[in-house]
Amino acid sequence: MIRYAKPTTIDEALALLGEAPWRILAGGTDFYPTQGATPFHENVLDINGLAALRGIAQTEDHWIIGARTTWTDLIRHPLPAAFDALKQAAREVGSVQIQNVASIAGNLCNASPAADGVPALLVLDAEVELRTVAMVRHLPLEKFILGNRRTELQPGEMVTAIRVPKNAATGTSAFVKLGARRYLVISIAMAAARLTIEDGIVGNAAVAVGSCSVVAKRLSGVEAALRGLPVDHALATAIQSAPMDELSPIGDVRGSAEYRLDAAREIVARAVLGAAGHASNDKAVAA
């Protein structure tokens, strides 16, 4: 017999997860389309009654985003400028109706290579909080998402929060998404960048690209190339020649692998310039 449960406390949810396998239902914006017309064959654990998992708070060392926090919650919450890329990504997650119910943790657990929230969280050094009845562990986001629709989530475990270290929530950031149209589209490529700038010089840089590899990736070569540069045309010049060895795009109906690589370099430049306060409506990287 297929079971359905809607716990009202985290402890109750974790106890159920410890008893048997469950498929977790949060916002449902990926859950139901994936299920389609196929009859349910798994137990369903509906966590929409867990008010404790929704909201944004801070401790001395971290910003804590509850697993059930929606993209609209994130957009509306006052956060440092380092979160601007994440807020821009939030506005790209489907329609406003989707943003109102889709959970941030669900976006991560769905583990799509085109998940809009992942690059912006990567540049914030985000980590995932995982809980069972017996323990709590914290895993860097880049170690949590293993591949297309694959995560490090273990039996009996549930994502309860996303944590951003306050020492990474510094500087300014921007997000750029490329799709076949302006709204309601799966990304061809997307990029997030976060810069700390002092006296007109880049002190630290964090850059990540999604939809151009099986999981979104930080670009260490680009980050290294940007550090120590003045905030001017030198940024785009450095990106033009910086290595992007982490990327391994595929070709599909949305674009060829070659196009994605070219597009990634361009939108990385635009994201970096946006984070530096130089909006660019024209081509940012010379051909």
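Ile2, Tyr32 and Phe40 form a nonpolar surface patch of about 290 Å². Patch residues have over 30% relative accessible area and no salt bridge, and nonpolar side chains (Val, Leu, Ile, Met, Phe, Trp, Tyr) are joined within 5 Å. A salt bridge is a side-chain nitrogen of Lys or Arg within 4 Å of a carboxyl oxygen of Asp or Glu. Areas follow the Shrake-Rupley method with a 1.4 Å probe. The model is predicted: local features need pLDDT of at least 70, side-chain atom pairs pLDDT 80 or more, while totals for chains, interfaces and linings use all residues. Numbering runs from 1 along each chain, and side-chain values use heavy atoms, without hydrogens or water.

Phe40 sits in the loop between α2 (31-35) and β3 (44-46). Helices (H or I, at least four residues) and strands (E, at least two) are DSSP runs. Phe40 counts as partly exposed because its relative accessibility is 35% (buried is under 20%, exposed over 50%).

Two cavities of 30 Å³ or more are present. A cavity is a set of points on a 1 Å grid where a 1.4 Å probe fits but cannot get out; lining residues have an atom within 4 Å of a point. Volume is the space filled by probe spheres set on the points.

The largest cavity has about 40 Å³. Its lining comprises Val118, Leu122, Leu141, Glu142, Ile145, Val215 and Ala216. Six are nonpolar, none polar and one charged.

The second largest cavity holds about 40 Å³. Ser112, Pro113, Ala115, Val118, Ile145, Val215 and Ala216 line it. Here six are nonpolar, one polar and none charged.

Conventions. Patches are made of residues with over 30% relative accessible area and no salt bridge: like charges are joined within 9 Å, nonpolar side chains (Val, Leu, Ile, Met, Phe, Trp, Tyr) within 5 Å. Buried means under 20% relative accessible area, exposed over 50%, partly exposed in between (1.4 Å probe, protein chains only). On a 1 Å grid over the protein atoms alone, a cavity is a set of points where a 1.4 Å probe fits but cannot get out, and a pocket is an open set with protein on both sides within 12 Å along at least five of seven lines; lining residues have an atom within 4 Å of a point. Ala, Val, Leu, Ile, Met, Phe, Trp, Tyr, Cys and Pro count as nonpolar, Asp, Glu, Lys and Arg as charged, and the others, Gly among them, as polar.
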